[in-house]
Amino acid sequence: MNTYLLFKALHLIAIISWMAGLLYLPRIFVYHSETLNNEDKNNTFKIMERRLFLYIMNPSMILSWLFGLLLLHSIGLNSLKEFWLITKLILVVSLTFYHFFLFKCLRRFSENNNTHSSRFFRIINEVPTILLIAIIFVVVFKPI
């Protein structure tokens, strides 16, 4: 079996799962931030957010990085000199920072300390989409 293709398939599966979480969690935050004086809804959102982050987003981010690094190893570390790969890594690191920013937001919600509006979460919900589009174009077209 070709390990490169195996790592590539597993990398794509992990990325799809990670992106689903990165797109869905801010949407939950939108509705959570609009919940006023309803303890039941507030607690339900807290459970949904925590489970999404811990059981889907974190493992899929870790697997995305793991299989991405295995792909890099498969093609050789010399490829780190290529512009497209450096650009992709910068974009993926940005996506990872966004992931941890969402964790910070999650912690604030869990402590009943959210300071952001639903509009804020609607706007930042576009960040992973923009980064994903950029990553796909960089990987597919491999600019020099």
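Ile-133, Ile-136, Phe-137, Val-140 and Phe-141 make up a nonpolar surface patch, with about 530 Å² of accessible area together. The model is predicted: local features need pLDDT of at least 70, side-chain atom pairs count only at pLDDT 80 or more, and totals for chains, interfaces and linings use all residues. Residues are numbered from 1 along each chain as its sequence is written, and side-chain values use heavy atoms, without hydrogens or water.

**Surface patch**
- Ile-133 sits in helix α5 (residues 127-141).
- Ile-133 is partly exposed because its relative accessibility is 45% (buried is under 20%, exposed over 50%, partly exposed in between, with a 1.4 Å probe and protein chains only).

**Aromatic pairs**
- The structure contains 8 aromatic pairs (ring centres of Phe, Tyr or Trp, its six-membered ring, within 6.5 Å; planes under 30 degrees apart are stacked, over 60 edge-to-face, the rest tilted).
- Phe-53 and Phe-103 form a stacked pair, 5.2 Å centre to centre with 25° between the planes.
- This pair links distant parts of the chain: Phe-53 is in helix α2 and Phe-103 in helix α3 (residues 83-110), 50 residues apart.
- Phe-53 is buried, at 2% relative accessible area.
- Phe-103 is partly exposed, at 30% relative accessibility.
- Ring pairs join Phe-29, Phe-101, Phe-109, Phe-120 and Phe-121 into a cluster.

**Around Asn-58**
- Asn-58 lies in helix α2 (residues 39-75).
- Asn-58 counts as buried because its relative accessibility is 18%.
- Neighbours within four places in sequence aside, Asn-58 contacts Phe-53 and His-99 (heavy atoms within 4.5 Å).

Methods
Helix = DSSP H or I, 4+ residues; strand = E, 2+ residues; numbered from the N terminus. Patch = residues over 30% accessible without salt bridge, like charges linked within 9 Å, V, L, I, M, F, W, Y side chains within 5 Å. Areas by Shrake-Rupley, 256 points an atom, 1.4 Å probe, with all protein chains shown as cover. Salt bridge = Lys/Arg side-chain N within 4 Å of Asp/Glu carboxyl O.
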